[in-house]
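This report examines selected contacts in one protein model. Please view the sequence and structure together.

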Amino acid sequence: MVLISAACLIHTYVIVHADTEVEREGQKGVIPGITNQSLKLGFHYAWPTAAVWSAIFILIDRFRTRHLHVWFLCFCWGACGATWVSMHVNTWMAGMLSVTGGVDPASGAGPAVYSAPFVEESCKALVLFVLAVGTGRRMTSVVQTVSMAGLSAVGFAFVENIMYYARADNYARVTASAGDPKQAVMELVLLRGVYTSFGHPLFTSMTGIGLALGLRARSRLVRILVPTTGFVMAVVGHMLFNGFSSVLPMATLKKLWFVALGIVASVVVFMVIRTVREGNMIRHRLEDYIKAGWLPASDADTLAALRRRQWAALVALSQGLRRWWRTLEFLRVGTDLAYLRDAVVRGLDDDPGPRQIQLINRMNALRPMAVTVARGAKLSKPRLPAFLKRRRNQPVNNELQWAPPQA
């Protein structure tokens, strides 16, 4: 993925940095490419938005946390692969939308409304469906898929914002009538980086919600229709967003902005409810093993509540990195066991016997090396490394001691 991302970024840079020759009404001209100075300025203003939203989506999924490589995969695909594919396909579709005579959609809001939403949402969601095919058994949580979908969308918006900011700065520098370049860029930063920064994550989250609900459904028809419905909602929402932004006056857009905030708030409430329900599900499924005598009662108490999971990890961290890492692994394995049991109850997994035994044995193996009981656990005092500890001065006995005479 690192090699693919690097190749896509280099090719994208070559395209946007090069000058473009155009011809209109028999006259040839050159559109200057984006300079390195403008690209650096765009990166400077784009990374804070990406950092904040990335942290939010990483912190969303606290029950079934993914490894760093999955977060990296989703973000890099959205930032490099999805933007590269979208740039080429959008250009091709904009040309296909061009007509001779009458209205030219390519010169207005046509490509932004009819082609860009479909292309961009398809590219951003592609990584979700690939992961679902590769690790379908482990992608069963709505909160989890929303987290990965959000990271892909944040990466896409990150690179897109860089290009938007850089183009605005570059245009203002080469056009005398454009005004102050810094003011032009700051207006765009406030619009894309603050006020409407939730756009791409919100749309792609719709696809993530539909995918998760489809993976947890028993009906084959529902497994097809629900992810498709989520994707259609993402595309339609993206279309409305681009269409309203292109044709409506600013006064009307300010009113619609509050409507958009209401939609975001409803999604947040939905995610909170799903998080609470997942905690209850983990408790109920682990209690099945507790009643059978395979697990202690403390496992369900620790694994079912976010605050106790976080406290157990914090206590383990105070006792050393190795114990902290084992504790995180214990929490992940226990969560996998709960989701596997839920799949059995719902009829989604037919032969889970060997997998259940493997997870239970792994939990029991990690138990002596991890913090498994959160209630009553206390932080350990910080300990200095051995080479930093001061050697205690041993008292010296100055009295002469004579050995007894030998016979």
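The sections below treat basis, a helix pair, salt bridges and one threonine.

## Basis of the model

The model is predicted, with local features requiring pLDDT of at least 70 and side-chain atom pairs pLDDT 80 or more, while totals for chains, interfaces and linings use all residues. Residues are numbered from 1 along each chain as its sequence is written, and side-chain values use heavy atoms, without hydrogens and water.

## Helices α11 and α12

Helices are DSSP runs (H or I, at least four residues), numbered from the N terminus. The axes of α11 (residues 306-318) and α12 (residues 321-345) come within 7 Å and cross at roughly 155°; these axes are lines fitted to C-alpha atoms over the stretch in contact, with angles from 0 to 180 degrees between N-to-C directions. The two helices are therefore roughly antiparallel (over 145 degrees).

## Salt bridges

The structure holds 10 salt bridges (a side-chain nitrogen of Lys or Arg within 4 Å of a carboxyl oxygen of Asp or Glu). In one of them, Glu 160 pairs with Arg 192, with the closest N and O atoms 2.8 Å apart. Glu 160 lies in helix α5 and Arg 192 in helix α6 (residues 181-195), so the pair ties together parts 32 residues apart in sequence. Both Glu 160 and Arg 192 are buried (under 20% relative accessible area, 1.4 Å probe, protein chains only).

## Thr 145

Thr 145 lies in helix α5 (residues 142-174) and is buried, at 0% relative accessible area. The side chain of Thr 145 reaches the backbone oxygen of Val 142 at 3.0 Å.

Technical notes. Buried means under 20% relative accessible area, exposed over 50%, partly exposed in between (1.4 Å probe, protein chains only). A polar contact is a pair of N or O atoms within 3.5 Å; within protein, one must be able to donate a hydrogen and the other to accept it, and residues adjacent in sequence count only if both atoms are side-chain atoms. Angles under 35 degrees count as roughly parallel, over 145 as roughly antiparallel, 65 to 115 as roughly perpendicular and the rest as oblique.
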